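Please study the structure shown below together with its sequence.

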Amino acid sequence: MQIIEGNNIKLGKAIFEENCMHCHGKEGEGLIKEWKTRLPNGKFPAPPLNGSAHAWHHSPTVLMNTINNGGAKLGGWMPAFKDQLSEKQKQAVLNYIHDLWPQEVQRKYNQRFK
């Protein structure tokens, strides 16, 4: 699996806005500045996805696994989307997230994973 640039960014944005924005922020900027600090309930808040956190350090396979299986095993509370979104929709979300990253982050990611 790889990040595919181009025509499905719009689809990814729509899916992100419907399913992800309420935890990860409108532009993936996150909602909580201290996203590395556990909340009172013991869980981590949703991290930013705009290239300012750790998502870009993970391979497309790891990112897809998180979308499919959620974030509970990672200490968060993200639900699993394995049965809620099609493969095309999930890939579109990854493409949209990749598109949010600054060009330098995209370049580093592409060198590492493409």
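A residue is called buried when its relative accessible area is under 20%, exposed when that area is over 50%, and partly exposed in between, as found with a 1.4 Å probe on protein chains only. By this rule Ser 59, with a relative accessible area of 18%, is buried. The model is predicted, so local features need pLDDT of at least 70 and side-chain atom pairs count only at pLDDT 80 or more, while totals for chains, interfaces and linings use all residues. Residues are numbered from 1 along each chain as its sequence is written, and side-chain values use heavy atoms, with hydrogens and water left out.

Ser 59 is found in the loop between α2 and α3. The helix names follow DSSP runs numbered from the N terminus: a helix is a run of H or I with at least four residues, and a strand is a run of E with at least two. Which residues touch Ser 59, if its neighbours within four places in sequence are left aside? They are Tyr 109 and Phe 113, where contact means heavy atoms within 4.5 Å. Tyr 109 is itself one of the buried residues of α5.

Helix α3 comes next. Its buried residues are Pro 60, Leu 63, Met 64, Ile 67 and Asn 68. Seen down the axis of α3, these residues fall within an arc of 135°, so they line one face of the helix; the arc is that of the directions from the helix axis to the C-beta atoms. The elements that cover these buried residues include α4 and α5. After α3 comes Gly 70, which has a positive phi, near 80°.

Asn 68 deserves a separate look. This residue of α3 has a relative accessible area of 14% and is therefore buried. Apart from neighbours within four places in sequence, Asn 68 is in contact with Ala 80, Phe 81, Lys 82, Glu 87 and Lys 90.

Val 105, Gln 106 and Tyr 109 are buried in α5. Viewed down the axis of α5, they lie within an arc of 100°, so they line one face of the helix. These buried residues pack against α3 and α4. On the other side of α5, Gln 103 and Gln 111 are exposed.

A salt bridge is a side-chain nitrogen of Lys or Arg within 4 Å of a carboxyl oxygen of Asp or Glu, and a search of the whole structure finds 3 of them. An α-helix has 3.6 residues a turn, so residues three or four places apart point the same way.

In helix α1 (residues 9-19), Lys 13 and Glu 17 are 4 residues apart, about one turn of the helix. Their closest N and O atoms are 3.9 Å apart, and the two residues form a salt bridge. Lys 13 is partly exposed at 34% relative accessible area, and Glu 17 is partly exposed at 31%.

In helix α4, Glu 87 and Lys 90 are 3 residues apart, again about one turn of the helix. The salt bridge between them has its closest N and O atoms 2.8 Å apart. Are these two partners buried or exposed? Glu 87 is exposed, with a relative accessible area of 52%, whereas Lys 90 is buried, at 0%.

Glu 104 is partly exposed at 40%, and Arg 107 is partly exposed at 38%.

The last topic is empty space. Rolling a probe the size of a water molecule over the atoms shows where such space is left. On a 1 Å grid over the protein atoms alone, a pocket is an open set of points where a 1.4 Å probe fits, with protein on both sides within 12 Å along at least five of seven lines, and its lining residues have an atom within 4 Å of a point. The largest pocket is lined by 36 residues, and His 24, Pro 47, Thr 66, Leu 74 and Met 78 lie nearest its centre. Elements that give two or more residues to this lining are α2 (21-24), α3 (60-69) and α4 (87-100). Of these, α3 gives the most, with 6 residues.
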